[in-house]
Amino acid sequence: MFVIITYDITDDNRLNKVRKILRKYLFWTQLSTFEGEISKGKLAQCLSEVKEVISPAEDSVYVYQVENPKNLSKKVLGIEKNFLDNFL
């Protein structure tokens, strides 16, 4: 399935930990957004790791699941960020 995960983390230490976890599973596309194809099992594992780090009283993580990626259309206005930009 295709997922989009966005987050709002208030503490820099937790933010860096969440970002590191998400990078193991998905592609970075915006400052607080990751997306990509992932199995249900890997998604559950990813979210379990994220839950161990965040503070539910202060942080939020949104997970959008697209069961059929053919129903998804993406438009980018301005500069499209690419996960490869992290390595160049």
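Where is the place of Asp-59? Asp-59 sits in the loop between helix 2 (40–53) and strand 4 (60–66). Helices (H or I, at least four residues) and strands (E, at least two) are DSSP runs, numbered from the N terminus.

This is a predicted model, in which local features need pLDDT of at least 70, side-chain atom pairs count only at pLDDT 80 or more, and totals for chains, interfaces and linings use all residues. Residues are numbered from 1 along each chain as its sequence is written, and side-chain values use heavy atoms, with hydrogens and water left out.

**Around Asp-59**

Asp-59 is buried, with a relative accessible area of 8%. Buried means under 20% relative accessible area, exposed over 50%, partly exposed in between (1.4 Å probe, protein chains only). The side chain of Asp-59 reaches the backbone nitrogen of Thr-10 at 2.9 Å. Leaving aside residues up to four places away in sequence, Asp-59 touches Asp-8, Ile-9, Thr-10, Asp-11, Arg-14 and Ile-54. Contact here means heavy atoms within 4.5 Å.

Four strands form an open sheet in the order 2-3-1-4, with antiparallel pairing. Strand 2 (27–30) and strand 4 stand at the edges, each with a single partner strand, so one side of each lacks a neighbour in the sheet. Two strands pair if DSSP finds at least two bridges between them. A hairpin joins strand 2 to strand 3 through two residues. Four of the five residues of strand 3 are buried, so strand 3 is largely enclosed by the rest of the structure.

| Strand pair | Bridges | Sense | Opposite residues |
|---|---|---|---|
| Strand 2 and strand 3 (residues 33–37) | Three bridges | antiparallel | Trp-28 and Phe-34 |
| Strand 1 and strand 3 | five bridges | antiparallel | Phe-2 and Glu-37 |

**Helix 2**

Helix 2 has 14 residues. From its first C-alpha to its last it reaches 20 Å, close to the 20 Å expected at 1.5 Å a residue. That expected span is 1.5 Å times one less than the number of residues.

Which residues of helix 2 are buried? They are Leu-43, Cys-46, Glu-49, Val-50 and Val-53. Seen down the axis of helix 2, the buried residues fall within an arc of 130 degrees, so they line one face of the helix. The arc is that of the directions from the helix axis to the C-beta atoms. These buried residues pack against strand 1 (2–8), helix 1 (12–25) and strand 4. The face turned away from the buried side of helix 2 carries the exposed residues Lys-40, Lys-51 and Glu-52.

Notes: Polar contact = N/O pair within 3.5 Å; in protein donor to acceptor, adjacent residues only side chain to side chain.
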